[in-house]
Amino acid sequence: MVAAGPEALADSLIAGDRRALARAITLIESTKAEDRARAEALVERLAPRAGSALRIAISGAPGVGKSTFIEAFGLHAVSQGRRVAVLAVDPSSPRSGGALLGDKTRMVELARTEGAFIRPSPSRGTLGGVHRRTRESILACEAAGFDLILVETVGVGQSETEAAGMVDAFLLLLAPGAGDELQGLKRGIVELADVVAVNKDDGELAAAARRMQSEYRAALHLLRPMHAEWQVPVLRCSALERKGIDSVWSATLRHCAAMEASGAFAARRAGQSKDWLWSELREGLVERFLADSRLKSRLARAEAKVAEGAIAPTAAARDLLAGFGKIGRGS
């Protein structure tokens, strides 16, 4: 797959080789068992160089204009002296497993910009709107010298909590006239947002954008703020016309500054590291459980009994876990 060893690959990436960064993310995202140890060694080598970038997740329902917004937002950040890496998580192809949409082809101007890097990745069915290895990819981009990481989520609308749990700011895009005004409050995704922006504030949708902004501002005042030091702003912008992007950028920076001043920024990063640990533990235990040849026959029998209604799923799971525990102790 990747010819260079983890050490050489890390050194090339840190030196600014973009092809090395692309190869590193490919290795990190690999599902092959033989690549996992090399990927872990790579991440361990890169970790001391990471952590200083600003991490922002950008989410919204399909059709809200995320890619157009991210291109405008990224170009504005570059104009402010930032080096921008975009990790665009797309729905997976059911046939190949690859990314269906390929955001690089929808952010042509940003892709050609010297201070930007775009990497589309398939979600591969992972809930939370991100790829399972997005955290490691963020570290790789930071080690490569990018100081702003934009994570574009799948935008499924109901399971973006994983994305919110790995960034410093969660930016929610809304579209006027989509027939879902205030529905975000019911889905709960608005409660995750640090900044809300009504996109497509142009042409015939401009009046609807103003109404939507007013409605969401009123509704958000009824919600208990996630952070006492920050009231979530509801802004309007037009990614197509590059209008209002500077206001969204400024609001995001103000949010991060407020969090840093209160100590919430560092606490959020520390909590995310703990969450990452537990995520790895859960996934690792499931993988070990399913890979244990001594449990395969017992698992098959348990599945058959559960399907027949002969045993409750809870009891079957408890028996299997008890057997796994005995095997782990060498019994």
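**Figure 1. Salt bridges across the model.** The structure holds 15 salt bridges, each a side-chain nitrogen of Lys or Arg within 4 Å of a carboxyl oxygen of Asp or Glu. This is a predicted model: local features need pLDDT of at least 70, side-chain atom pairs count only at pLDDT 80 or more, and totals for chains, interfaces and linings use all residues. Residues are numbered from 1 along each chain as its sequence is written, and side-chain values use heavy atoms, with hydrogens and water left out.

**Figure 2. The Asp11–Arg45 salt bridge.** Asp11 and Arg45 pair through their side chains, at 3.6 Å from N to O. The two ends sit in distant parts of the chain, 34 residues apart: Asp11 in helix H1 and Arg45 in helix H3 (residues 33-46). Helices (H or I, at least four residues) and strands (E, at least two) are DSSP runs, numbered from the N terminus. Asp11 is partly exposed at 42% relative accessible area. Arg45 is also partly exposed, at 39%. The classes are buried (under 20% relative accessible area), exposed (over 50%) and partly exposed (in between), with a 1.4 Å probe and protein chains only.

**Figure 3. The Arg19–Asp17 salt bridge.** The closest N and O atoms of Arg19 and Asp17 are 3.9 Å apart, and the two residues form a salt bridge. Arg19 is exposed, with 63% relative accessibility. Asp17 is partly exposed, with a relative accessible area of 26%.

Figure 4. The side chains of Arg268 and Asp194 meet at 3.3 Å, N to O. Arg268 lies in helix H11 and Asp194 in the loop between helix H8 (183-187) and strand S6 (195-198), so the pair ties together parts 74 residues apart in sequence. Arg268 counts as buried at 17% relative accessibility. Asp194 is buried too, at 2%. Elsewhere, salt bridges that share partners join Arg36, Glu40, Arg133, Glu136 and Glu280 into one network.

**Figure 5. Surroundings of Leu13.** Leu13 is found in helix H1 (residues 6-14). Leu13 is buried, with a relative accessible area of 0%. Leaving aside neighbours within four places in sequence, Leu13 is in contact with Ala20, Leu21, Ala24, Leu46, Ala140, Ala143 and Ala144. Contact means heavy atoms within 4.5 Å. One of these partners, Leu46, is 33 residues from Leu13 in sequence and 9.0 Å away in space, C-alpha to C-alpha.

**Figure 6. Helix H6 under cover.** Helix H6 spans residues 134-143 and is mostly covered, with 10 of its 10 residues buried. Among them are the charged residues Arg135, Glu136 and Glu142. The buried set also includes Ile138, Leu139, Ala140 and Cys141. Ala140 and Ala143 are contacts of Leu13. Glu136 belongs to the salt-bridge network with Arg36, Glu40, Arg133 and Glu280. Gly145 follows H6 and has a positive phi, near 100°.

**Figure 7. Ser67 and Glu152.** Ser67 lies in helix H4 (residues 66-79). Ser67 is buried, with a relative accessible area of 6%. Its side chain makes a polar contact with the side chain of Glu152, at 3.5 Å. A polar contact is a pair of N or O atoms within 3.5 Å; within protein, one must be able to donate a hydrogen and the other to accept it, and residues adjacent in sequence count only if both atoms are side-chain atoms.

**Figure 8. A nonpolar surface patch.** Leu277, Trp278 and Leu281 make a nonpolar patch of about 320 Å². Patches are made of residues with over 30% relative accessible area and no salt bridge: like charges are joined within 9 Å, nonpolar side chains (Val, Leu, Ile, Met, Phe, Trp, Tyr) within 5 Å. Trp278 is found in helix H11 (residues 264-291) and is exposed, at 52% relative accessible area. The protein exposes about 16,300 Å², and carbon and sulfur atoms supply 53% of this area. Accessible areas come from the Shrake-Rupley method with a 1.4 Å probe; for residues, only the protein chains shown count as cover.

**Figure 9. Cysteines in the fold.** A search of the whole structure finds 0 disulfides, a disulfide being a pair of cysteine sulfur atoms within 2.5 Å. Cys237 is buried, at 0% relative accessible area. Cys256 is buried, at 6%.
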